[in-house]
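This report goes through one protein model, topic by topic. Please keep the structure in view while reading.

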Amino acid sequence: MAITHTTAARDTISDAVTALIDSGGAGKLRITTSAPATLVEITFGATAFGNSSVGVCTVNGLPLEGTASGTGVAAICKLINGSSTDVITGTVTATGGGGDLTLVSTTITSGEVVRLTAGTYTAPP
């Protein structure tokens, strides 16, 4: 049998993890190549995520956007805190590719505006 958490435990976990993103100031979503070279950073508001409901926290203030500072193929996404410390790391794929973050196109060009239109963090079951 796999380990599971109660809903209350999942809410505590997701609230604690997402609160780490707010540490040190406004956190960011950083999208990089596999190298990893930074392609774009999108800054969250002072409180990046709302309170957890059934283990899921949703990004506040959507949509959010950032202007690409690099050109390349997106492969890695990181949620970092205001001190630039990694909190969560995931994969980036095109829509339908099964990544933690999906983009219409993983090719990002310097100067392009990248928009975040939806986002959640889900605690383990």
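## Terms and model

A residue counts as buried when its relative accessible area is under 20%, as exposed when that area is over 50%, and as partly exposed in between. The model is predicted.

## Strands β10 and β4

Strand β10 has two faces: V114 and L116 make up the covered one, whereas V113 and R115 make up the uncovered one. The partner strand β4 covers residues 64-67 and pairs with β10 in the antiparallel sense, over four bridges. Within this pairing, R115 of β10 has E65 opposite it.

## The open sheet

In what order do the five strands of the open sheet stand? The order is β2-β1-β6-β7-β8, and the pairing is mixed. At the edges are β2 (38-43) and β8; each has a single partner strand, so one side of each is left without a neighbour in the sheet. From one strand to the next, the twist averages 25°.

The pairing of β1 with β2 can be followed residue by residue in the model. These two strands run antiparallel and are joined by five bridges. K28 stands opposite T43, a residue of β2.

## The largest pocket

The largest pocket holds about 540 Å³ of space. Its lining is made of 25 residues, and those nearest the centre are D100, L101, A118, G119 and T120. Several strands give two or more residues to this lining: β1 (28-32), β6 (76-80), β7 (86-94), β8 (101-103), β10 (113-116) and β11 (120-122).

What classes of residue line the largest pocket? The lining has 15 nonpolar residues, seven polar ones and three charged ones. As background, rolling a probe the size of a water molecule over the atoms shows where empty space is left.

## An aromatic pair

There is one aromatic pair in the structure. It is formed by F44 and F49, whose ring centres are 6.0 Å apart; the planes stand at 45°, so the pair is tilted.

Are F44 and F49 buried or exposed? F44 has 4% relative accessibility and counts as buried. F49, at 6% relative accessibility, counts as buried too.

## Backbone exceptions

Most residues other than glycine have a negative phi, and most peptide bonds are trans. Some places in this model depart from that pattern.

Two cis peptide bonds can be described here. One joins A35 and P36, with omega at about -5°, and P36 is placed in the loop between β1 and β2. Another runs from L62 to P63, with omega near 0°; P63 lies in the loop between β3 (56-58) and β4.

V54 is not a glycine, yet its phi is about 50°. This residue is in the loop between β2 and β3 and counts as exposed, because its relative accessibility is 51%. S84 is not a glycine either, and its phi is about 65°. The loop between β6 and β7 holds S84, and a relative accessible area of 47% makes S84 partly exposed.

Terms used:
Residues are numbered from 1 along each chain as its sequence is written. This is a predicted model: local features need pLDDT of at least 70, side-chain atom pairs count only at pLDDT 80 or more; totals for chains, interfaces and linings use all residues. Side-chain values use heavy atoms; hydrogens and water are left out. Rings of Phe, Tyr and Trp (its six-membered ring) pair if their centres lie within 6.5 Å; planes under 30 degrees apart count as stacked, over 60 as edge-to-face and the rest as tilted. Buried means under 20% relative accessible area, exposed over 50%, partly exposed in between (1.4 Å probe, protein chains only). On a 1 Å grid over the protein atoms alone, a cavity is a set of points where a 1.4 Å probe fits but cannot get out, and a pocket is an open set with protein on both sides within 12 Å along at least five of seven lines; lining residues have an atom within 4 Å of a point. Grid points are joined across faces, edges and corners, and a volume is the space filled by probe spheres set on the points. Ala, Val, Leu, Ile, Met, Phe, Trp, Tyr, Cys and Pro count as nonpolar, Asp, Glu, Lys and Arg as charged, and the others, Gly among them, as polar. Two strands pair if DSSP finds at least two bridges between them. Axes are lines fitted to C-alpha atoms, for helices over the stretch in contact, and angles run from 0 to 180 degrees between N-to-C directions.
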